[in-house]
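Subject: Structure handover

Dear colleague,

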Amino acid sequence: MKETSFDPIDLFLRSVREMPERPAVHVDGRSWTYAELDHLSQRIAAWCDAVCGDEQRVAVHGARTVLAYAGILGVLRSGRAYVPLHPDHPPLRWRSMLTRASVRTAIAPAQVHAQLREAGIDLLVDLDGLPSAAARSNVRGSREAYVMFTSGSTGEPKGVPVGREQVAAYLQHVCTTYAFSPEDRFTQFFALSFDLSVHDLFVCWGAGACLCVPPADGALQAMSFANEQAITVWFSVPSQVALLQRMRLLRPGALPKVRQAFFCGEPLPLDLARAFCEAAPHAQVVNLYGPTETTIAITEQVVGPELTERVVPLGRPFPGHWARVRTGEALATSGEGELVLSGPQVNAGYLGQSSASFFEAGGQRWYATGDRVRMDPEGVLHFLGRVDEQVKLAGHRVEPGEIDAVLKPMLGDGTAVTVPVLRAGATELATFIDVEMDPIPLFAALRERLPAYMLPSRIIVVDRFPHGTHGKLDRKALIERATHG
Ligand code: AMP
């Protein structure tokens, strides 16, 4: 018997064959059937074949239109990998990503073609420019599915190429562990440049279900959107729901149709998970965890009545994967330390740079996550924080060092140090500099290169940085000062 394939395109094509007339995506006020999305993505694949030659990566502009969804499918169908561009990120950031990923072609709405040309793209297409001929064979070229960029402490975003096999391993686990059906309606809250969106698209299309895409600025309208669209499968970062709770929109019974909910990207407070369970009384709620480097998510914990800790545990790794806690050189199966992971979802490394985060031990390849965890004797992982400075802002990964590196050339002999500050229940960034300077040009430089969520809310001048007894920069003192100063 032929084994079922969980390759993302195989999953989509199976639904095209079995339910061509069912809605595959609802976006921009209209629904597109599987047959329509199939046809559009074939035309995009044909365009890629006609213009890309040997090039293995194509950028997809992530505006919330059918072009982006068909674009991702089309690029993958042409045997290439897609590089998603966040529509709100500055063109200089696009340029840095596109250069490092050697991308010269893009699928994007006509309104942004000029901006993309400035960012180094030569060949662009939107809906109107696509060839009408759709007939083509499904070529399998690249083993890479996409390249996602995350914050990098050296001042440039860091590229993570993710393999098609790694995505298939993820889909195999999630599609067979949780029950989905063609009647389901999935949320698509995540930006296409955030790897959790890959779950939205391909878990949904693997089930023959409908992907429901809210407008770009729809975070606060999430509840009315979920009810209008009769959402049954919810996936978001916890802070999106925390915002709804602060706005008093997360009322008991407010999400009657949701039957499966996933959270990922940042710690899930237990009281928030419980409040969500009351709002969606028919839902099974699952906490997923995983860095981009290990493909979407790699551990899971169902939220049940037995949980008591303030933060929902990360749970256990997906079957076929290994989790260990690292203290010094030793990898242990219980205790506290840095979480390291191994198995089929772990990717090969970063684009164009080697990193000590990927290492070999005991004949296996591991990825060191930088997350501090406790593994209990049952093998359940509990999140304790980070071993480094990385922070999460509303689910976005931020290396404060990236902000400091952008400012450095403007500071002469001076230095910048960015720290996270908790204000009114939300984390924001404050940047300290040790030279007297007008902050306006500094903010302008940051805005040119960084996404809005990475901008510090304040730049504070200090005479000199505080240091601890061993001469090490005292970040805690800076955080204290930014919080109370
Ligand atoms: P990203 O690569 O942007 O998906 O970020 C991965 C990081 O987000 C992890 O290394 C953790 O620090 C954090 N993270 C993701 N999911 C969770 C979770 N369920 N609980 C706590 N932290 C999480």
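By class, the shell around the ligand is made up of seven nonpolar, four polar and five charged residues, where Ala, Val, Leu, Ile, Met, Phe, Trp, Tyr, Cys and Pro count as nonpolar, Asp, Glu, Lys and Arg as charged, and the others, Gly among them, as polar. Please bear in mind that this is a predicted model, in which local features need pLDDT of at least 70 and side-chain atom pairs count only at pLDDT 80 or more, while totals for chains, interfaces and linings use all residues. Residues are numbered from 1 along each chain as its sequence is written, and side-chain values use heavy atoms, with hydrogens and water left out.

There are 16 residues around the ligand, and Leu288, Thr292, Asp371, Lys392 and Arg397 come nearest; a residue is counted as near if one of its heavy atoms lies within 4 Å of the molecule. Strand 13 (284–289) and strand 21 (381–386) each supply at least two residues of this shell, and strand 13 gives the largest share, three residues. Strands here are DSSP runs (E, at least two residues), as helices are (H or I, at least four), and both are numbered from the N terminus.

A nitrogen atom of the ligand is 3.3 Å from a polar backbone atom of Glu266. Taken alone, the ligand exposes 500 Å², of which the protein buries 97%, the areas coming from the Shrake-Rupley method with a 1.4 Å probe.

Elsewhere, three strands form an open sheet in the order 24-25-26, with mixed pairing; two strands pair if DSSP finds at least two bridges between them. Strand 24 (416–423) and strand 26 (458–461) stand at the edges with a single partner strand each, so one side of each is left without a neighbour in the sheet. Strand 25 (residues 426–433) runs parallel to strand 26 and is joined to it by four bridges, and Ala430 has Arg458 in strand 26 as its bridge partner.

With best wishes

Methods
Polar contact = N/O pair within 3.5 Å; in protein donor to acceptor, adjacent residues only side chain to side chain.
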